[in-house]
Amino acid sequence: MGRPGVLHKPELPDGEHKKLNDALHRLHLLAGRPSLTVMAHELRAANISKSTIHNAFSSPRFPKWDVVDALIEILASRAPGLTPEEQLPPLYDCWVRAADVDEIPVAQPLRRLVLLADIERFGSVDDVTRDHLLRRLHEFVDRLMATVGVDAGQRHRADRGDSVMELIDNTAALLPTLSALLGHVPAYLHDENERSHGTHPARLRIVLATAHVTIDNHGCLGVELNAAVRLLDSDALRGALRESAQDMVLCLSDAAYHEAGQAQQGGLSPADFRTSFERVAVATRNGLVTAWLAHLQ
């Protein structure tokens, strides 16, 4: 009988694939050797099964990047002194080298603007109201993208049930998108909710981030993207919307805030830009993450 949590290593020839497999087993050890059941439970939202996880560690078949990326995320989060952000680049390079040797096509991560929008208390309404709110959310994002000049060829939308993830290839859209969200969008959303009197209001949590994201047949992947999703789902942002008189709250990732601050501030003066945001420390399972909460007028 094997030791609890110890996963079998496959027979692999010396080379990049073996180096990748050794690195995954080492990371699993540093994370305290969680069982396949525990790892599968943590990755249930990504639809990665226990058998897929087992194969990544113990099969001679080469693992897909989305599986390796997800394993880095949960294992580095469990290992004292390690973070997914630090572990991702060297392991990604190792995976690419192994894939290149095996002539496996690799989808390269691109720097993208990420817009996330989520409906407050979506789970508390009936199915008819949910359909109405989702339709309004998609219309809202479409209108925003049209306003800032992002065309369909620059966009990739991922529907997350009660929220929308919009991945924009043109990071120059950061400033016009930010300007709209700080400018006319809060009043527009309020007016739309007023016109929809008698129905559940579409009160939104919105996150704007910049991130390296890989898009392939398996979905949208990236550690920075995962961090943005955690901001959207954080208690800090949920609480800010509950306490707000506005129908939306806006949060910028630390990277997006500094990128905007180094550019033209979306039509704002440097002083106005700085006073439009409050630095907050958002608690996530990876520890405290710096973000910037907007003061909306």
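How many disulfides does a search of the whole structure find?

Modeller: Zero: the search covers the whole structure and finds no disulfides. Keep in mind that this is a predicted model. A disulfide is a covalent bond between the sulfur atoms of two cysteines. To count here, a pair of cysteine sulfur atoms must lie within 2.5 Å.

Cysteine 94 has a relative accessible area of 6%. Cysteine 251 has a relative accessible area of 2%. The cut-off for buried is under 20%, so both residues count as buried.

Cys220 is among the residues nearest the centre of the largest pocket, along with Ala45, Ala46, Asn226 and Val229. In total, 26 residues line this pocket. Its space comes to about 910 Å³. H4 has the largest share, with five residues.

Rolling a probe the size of a water molecule over the atoms shows where empty space is left. The search finds one cavity of 30 Å³ or more. The largest cavity has a volume of about 30 Å³. Its lining consists of Phe140, Arg143, Leu144, Thr147, His184, Val185 and Tyr188. Two elements give two or more residues to that lining: helix H6 (127-147) and helix H8 (185-195). H6 gives the most, with four residues.

Now step along to helix H7, residues 174-182. Seven of its nine residues are buried, so H7 is largely enclosed by the rest of the structure. The buried ones are Leu174, Leu175, Thr177, Leu178, Ala180, Leu181 and Leu182.

Aromatic rings come next. A pair of aromatic rings is described by the distance of the centres and the angle of the planes. This structure holds six aromatic pairs. Tyrosine 257 and tryptophan 292 make one of them. Tyrosine 257 lies in helix H11 (residues 254-262), and tryptophan 292 lies in strand E8 (residues 287-294). The pair therefore ties together parts that are 35 residues apart in sequence. Both partners are buried: tyrosine 257 has a relative accessible area of 8%, and tryptophan 292 is at 11% relative accessibility. Elsewhere, ring pairs link Phe62, Trp65, Tyr92 and Trp95 into a cluster.

The protein has 297 residues, and 47% of them count as buried. Its elements are 12 helices and eight strands. Among contacts with a separation of 6 or more, 70% are between residues 24 or more positions apart. The accessible surface comes to about 14800 Å². Carbon and sulfur atoms account for 50% of that surface.

Back to your starting point. The search found zero disulfides, cysteine 94 and cysteine 251 are buried, and Cys220 is among the residues nearest the centre of the largest pocket.

Key: Residues are numbered from 1 along each chain as its sequence is written. This is a predicted model: local features need pLDDT of at least 70, side-chain atom pairs count only at pLDDT 80 or more; totals for chains, interfaces and linings use all residues. Side-chain values use heavy atoms; hydrogens and water are left out. Rings of Phe, Tyr and Trp (its six-membered ring) pair if their centres lie within 6.5 Å; planes under 30 degrees apart count as stacked, over 60 as edge-to-face and the rest as tilted. Buried means under 20% relative accessible area, exposed over 50%, partly exposed in between (1.4 Å probe, protein chains only). Contact means heavy atoms within 4.5 Å. Accessible areas come from the Shrake-Rupley method with a 1.4 Å probe; for residues, only the protein chains shown count as cover. On a 1 Å grid over the protein atoms alone, a cavity is a set of points where a 1.4 Å probe fits but cannot get out, and a pocket is an open set with protein on both sides within 12 Å along at least five of seven lines; lining residues have an atom within 4 Å of a point. Grid points are joined across faces, edges and corners, and a volume is the space filled by probe spheres set on the points.
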